[in-house]
Amino acid sequence: MTDQQSIPVAKQQVNKPTAKTSRAGRNLPAAIAVGVALGGMLIATLLFAPRVWVPIVAVAVVVATHEVVRRLREGGFSIPLVPLLIGGQAMVWLTWPFGAAGALGAFGGTVLVCMIWRLVSGGLSSAPQNYLRDVSTTVFLAAWVPLFASFGVLLIYPEDGAGRVFCLMLVVVGSDVGGYTAGVLFGKHPMAPAISPKKSWEGLAGSLVLGVATGVVAVAFLTDMPAWVGVPLGLMLVITGTLGDLVESQFKRDLGIKDMGTLLPGHGGLMDRLDSVLPSAVATWIVLSLLA
């Protein structure tokens with residue numbers, strides 16, 4: 001996801017004309033076009049075939065997991081891709097008959113298989129190198145992508161499930177727009193300069209204002225819950241969305257890369273769009289389940 005709480009930066013002169021970019025360094029027209037296309041697809045799905053949300057998430061988990069594993073392997077990590085992909089699908093699809101228990105059970109099984117897979121990947125005649133580093137990273141990845149995504153799937157099953165998914169998406173977008181706008185207009189004080197120097201405290205304030213307002217309106221009109229539930233929902237999603245951005249920024253900083261991939265013009269890889277959504281899916285499920 002692009003940095004949403006941006007601090008204005010000075011314009012730099014270039015020798016050749018380039019595509020119009022945002023202050024976050026992205027191709028803005030391409031980013032808008034991709035965002036509109038993805039948004040339109042999700043809206044149509046949730047309005048007319050809400051259970052199709054499950055296979056959409058399942059496909060996204062495959063793509064995002066592959067992107068991250070490829071980047072980690074480029075950085076010298078040995079990550080077991082096959083059990084992660086199979087286990088990720090189990091986490092998503094087992095929510096259908098078994099709910100959260102299915103996702104958590106599949107997560108535990110995936111971690112166990114990955115631990116054994118990495119242990120024997122080079123044969124049993126010699127001890128594997130960097131075993132603890134690779135397994136710890138694998139467990140982190142299994143939670144970060146497929147497990148978090150499975151909570152997004154859990155949102156669709158209640159009677160007002162489509163509305164709950166809309167709440168997730170609308171609040172994340174509202175937080176992003178509010179943070180970006182406030183950051184560009186007023187951003188002067190960096191929030192985490194060592195991790196993401198373009199994020200500002202002013203941008204965070206903009207995220208809070210628009211994120212909470214969007215949460216209240218979304219909950220009131222799209223779910224069976226009272227409007228006040230949108231306040232804790234908005235607060236939680238601004239926090240998780242911002243931290244999700246920072247986590248992926250630090251992840252990429254450690255690997256020395258700008259984007260996870262090149263699948264989405266103007267955005268980078270799919271994981272670059274999901275960095276805020278994944279932890280926010282967990283927060284949305286927790287808030288709406290506890291306060292339903």
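**Exercise 1. Determine how many helices and strands the protein has, and in what order they run.**

Solution. The secondary structure comes to eleven helices and two strands, where helices (H or I, at least four residues) and strands (E, at least two) are DSSP runs numbered from the N terminus. Read from the N terminus on, the elements run α-α-α-α-α-α-α-β-β-α-α-α-α. The model is a predicted one, in which local features need pLDDT of at least 70 and side-chain atom pairs count only at pLDDT 80 or more, while totals for chains, interfaces and linings use all residues. Residues are numbered from 1 along each chain as its sequence is written, and side-chain values use heavy atoms, with hydrogens and water left out.

**Exercise 2. Work out how helix H9 packs with helix H11.**

Solution. Begin with the geometry: H9 (residues 230-255) and H11 (residues 277-291) pack at an angle of about 160 degrees, their axes 8 Å apart, the axes being lines fitted to C-alpha atoms, for helices over the stretch in contact, and the angles running from 0 to 180 degrees between N-to-C directions. The two helices are therefore roughly antiparallel to each other, a term for angles over 145 degrees. Next, list the residues of the contact (heavy atoms within 4.5 Å): among them are Pro232, Leu233 and Met236 of H9 and Ala283, Thr284 and Val287 of H11.

**Exercise 3. Identify the contacts of leucine 233 beyond its neighbours within four places in sequence.**

Solution. With those neighbours left aside, leucine 233 is in contact with Cys167, Val171, Val219, Thr284, Val287 and Leu288.

Key
Angles under 35 degrees count as roughly parallel, over 145 as roughly antiparallel, 65 to 115 as roughly perpendicular and the rest as oblique.
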